[in-house]
Amino acid sequence: MDSAPTQPGIVIRPSTDADVAAMIDIYEHHIRHGVGDTGDFEEDRLRPDDLKRRRKNMRSKRLPHLVAERHGMVAGYAYAVPFRKRPAYRYTLKHSIYVHAGHLHAGIGRRLLPALIEACAAGGYRQMIGYIDAENEASLRLHEACGFTRVGHLPAVAYRHGRWADSVMVQCALGTGSSDQPSTWRQEAAARDAQAAVATT
Ligand SMILES: CC(C)(COP(=O)(O)OP(=O)(O)OC[C@H]1O[C@@H](n2cnc3c(N)ncnc32)[C@H](O)[C@@H]1OP(=O)(O)O)[C@@H](O)C(=O)NCCC(=O)NCCS
């Protein structure tokens, strides 16, 4: 990973309910204008209660939901959710990141994404996946700078603004990645062994 440039005035912190309106503003701008992972404006509208509920659910699963403040204003946010629901995928996350239109290319992504990676690794997760619109040069560069590699190209998987769009799948190992077993798995295995030992005595 390239070292993140130090930008004065940027603070990364967990989001709170008080940030919800600012996060919705950022999101709605990008679904109206952006080349992000978004599509139809009315279908994709995010309601304040949905966002509050999502934040609460995520906290209970040790999933980070972060905001970036720039000069005291919420200028971006990022979060990660389970990659797939089935238990075998429980150590893998997928994430989203959005920066306010008035604060683009000011180094916020380069602070926010590494902070998200660090928080996910601290939660015991091992892989992080992102889907990026193939034309989203800013996001592709940001992810590469933060240690993600391109692992797949998905042709014509999105239809928005009247045309088909490709996605690029990117991946980053968290913590020790796949080089050892996850600690919670080791604890579960030890508990199973202890139970088996009790059953045979
Ligand atoms: C992608 C996004 C999060 C980047 O955030 P950002 O704060 O503007 O990014 P940064 O200023 O930290 O720049 C990070 C790197 O991205 C690249 N980049 C940023 N803006 C760029 C632009 N307009 N054009 C080309 N490259 C750009 C640069 O390589 C930059 O690194 P460098 O300038 O140090 O070389 C932001 O553009 C965004 O919110 N876009 C809309 C939503 C979106 O696409 N989210 C991602 C969905 S996968």
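Select His65 and the residues around it. Leaving aside neighbours within four places in sequence, His65 is in contact with Pro14, Ser15, Arg55, Met58 and Tyr79; two residues are in contact if their C-beta atoms, placed from the backbone, lie within 7 Å. This is a predicted model: local features need pLDDT of at least 70, side-chain atom pairs count only at pLDDT 80 or more, and totals for chains, interfaces and linings use all residues. For your selections, residues are numbered from 1 along each chain as its sequence is written.

Is His65 buried or exposed? His65 is buried, with 23 other C-beta atoms within 10 Å. Here a residue is buried if 20 or more other C-beta atoms lie within 10 Å of its own, exposed if 12 or fewer, and partly exposed in between, with C-beta atoms placed from the backbone.

Next, select residues 65-70. This is strand β2, where His65 has its place. Helices (H or I, at least four residues) and strands (E, at least two) are DSSP runs, numbered from the N terminus. Five of the six residues of β2 are buried, so β2 is largely enclosed by the rest of the structure.

Bring in the strands that β2 pairs with; two strands pair if DSSP finds at least two bridges between them. With β1, the pairing is antiparallel over five bridges, and Ile10 has Arg70 in β2 as its bridge partner. With β3 (residues 73-82), β2 is again antiparallel, over six bridges, and here Arg70 stands opposite Met73. Look at the turn too: β2 and β3 form a hairpin with two residues between them, and His71 in the turn has a positive phi of about 50 degrees.

Now show the whole sheet. It is an open sheet of seven strands in the order β1-β2-β3-β4-β5-β7-β6, with mixed pairing. β1 (10-14) and β6 (149-160) stand at the edges with a single partner strand each, so one side of each has no neighbour in the sheet. From one strand to the next, the twist averages 25 degrees.

Move along to β5 (residues 127-133) and β7 (residues 163-173), which run antiparallel and are joined by seven bridges. Asp133 has Ser167 in β7 as its bridge partner. Helix α4 (residues 137-145) packs on the sheet, touching β5 and β7, and its direction makes about 160 degrees with that of β5. Axes are lines fitted to C-alpha atoms, for helices over the stretch in contact, and angles run from 0 to 180 degrees between N-to-C directions.

For the next stop, select helix α1 (residues 20-33) and helix α2 (residues 48-60). Their axes come within 10 Å and cross at roughly 110 degrees. That makes α1 roughly perpendicular to α2, a term for angles of 65 to 115 degrees; under 35 counts as roughly parallel, over 145 as roughly antiparallel and the rest as oblique. Show side chains here: Val20, Ala21, Met23 and Ile24 in α1 meet Pro48, Leu51 and Lys52 in α2. These divide into six nonpolar, no polar and one charged, where Ala, Val, Leu, Ile, Met, Phe, Trp, Tyr, Cys and Pro count as nonpolar, Asp, Glu, Lys and Arg as charged, and the others, Gly among them, as polar.

Finally, zoom out. The chain has five helices and seven strands, and its C-alpha atoms fill a box of roughly 65 × 40 × 35 Å along the principal axes.
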